[in-house]
Amino acid sequence: MTASIRILTPGEAALYVALRKEMLLESPRSFGASPETDVASDLVGLRSRLENQGVNRTFGAFDRATDELLGVVGGGKQGPHKKRAHAFSVWGMYVTPKARGRGLARKLMQALIDYSRTVNGVCLVCLSVGETAPVAQGLYESLGFVEWGREPLSLQIDGEFFTEIFMQLQLGPDR
């Protein structure tokens, strides 16, 4: 199975919504959203966000033979705050279980990092990863992300608490 990485278009919103529902059910410890309240699972709203992304982008990994969406990652600036204009946030990193182990997560993250380097003023890429996801943490570390802190009791699922690890990649002033 070979895959291509590209920016999602509004016409691909339904594919994203289906994968988003899968990710929230399959990996609940990896995401703060819940299936029943997830705003990114709203097809109309998502289509609108994909049409009006500004500097934000959502990348998809697509099977070249079937055009099936196998993985996604989003990133961009969070809010209008000038004091945080240098920081790019990563969200929604996920690869469907049947496509794992093929380097798609690395390719998605690299596409997002490469894109962030083109956004004027961005010199920092930030993300968080659940303590229960050591493979994901290892991927981020291999891409140059460094842990800077932890939030114990960050998520609560069915009475059980989980710690979130915060990481950042400094792109440097020369980006």
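**Where helix 3 meets helix 4**

Modeller: In this predicted model, the axes of helix 3 (residues 104-118) and helix 4 (residues 134-142) cross at roughly 45° and come within 11 Å. The crossing of helix 3 and helix 4 is right-handed.

The residues that meet can be named on each side. Helix 3 contributes A105, R106 and M109, while helix 4 contributes L139, Y140 and S142. Sorted by class, this contact of helix 3 with helix 4 has 4 nonpolar residues, 1 polar residue and 1 charged residue.

One of these residues, Y140 in helix 4, also takes part in another kind of arrangement. A search of the whole structure finds 5 aromatic pairs. In one of them, the ring centres of Y140 and F145 lie 6.0 Å apart and the ring planes stand at 65°, so the pair is edge-to-face; the cut-off for that label is an angle over 60 degrees. Both partners can then be checked for burial, for which the limit is under 20% relative accessible area. Y140 has 7% relative accessibility and therefore counts as buried. F145, at 2% relative accessibility, also counts as buried.

Elsewhere in the model, aromatic residues form a cluster, made up of F59, F88 and Y115.

Technical notes
Residues numbered from 1 in each chain as written. Predicted model: local features only at pLDDT ≥ 70, side-chain atom pairs only at ≥ 80, totals over all residues. Heavy atoms only, no water. Axes fitted to C-alpha atoms, helices over the stretch in contact; angles between N-to-C directions. Helix = DSSP H or I, 4+ residues; strand = E, 2+ residues; numbered from the N terminus. Left-handed = near helix turned anticlockwise from the far one by under 90°. Contact = heavy atoms within 4.5 Å. Nonpolar A, V, L, I, M, F, W, Y, C, P; charged D, E, K, R; others polar. Phe/Tyr/Trp six-rings, centres within 6.5 Å; stacked < 30°, edge-to-face > 60°. Buried < 20%, exposed > 50% of the residue type's maximum accessible area, 1.4 Å probe, protein only.
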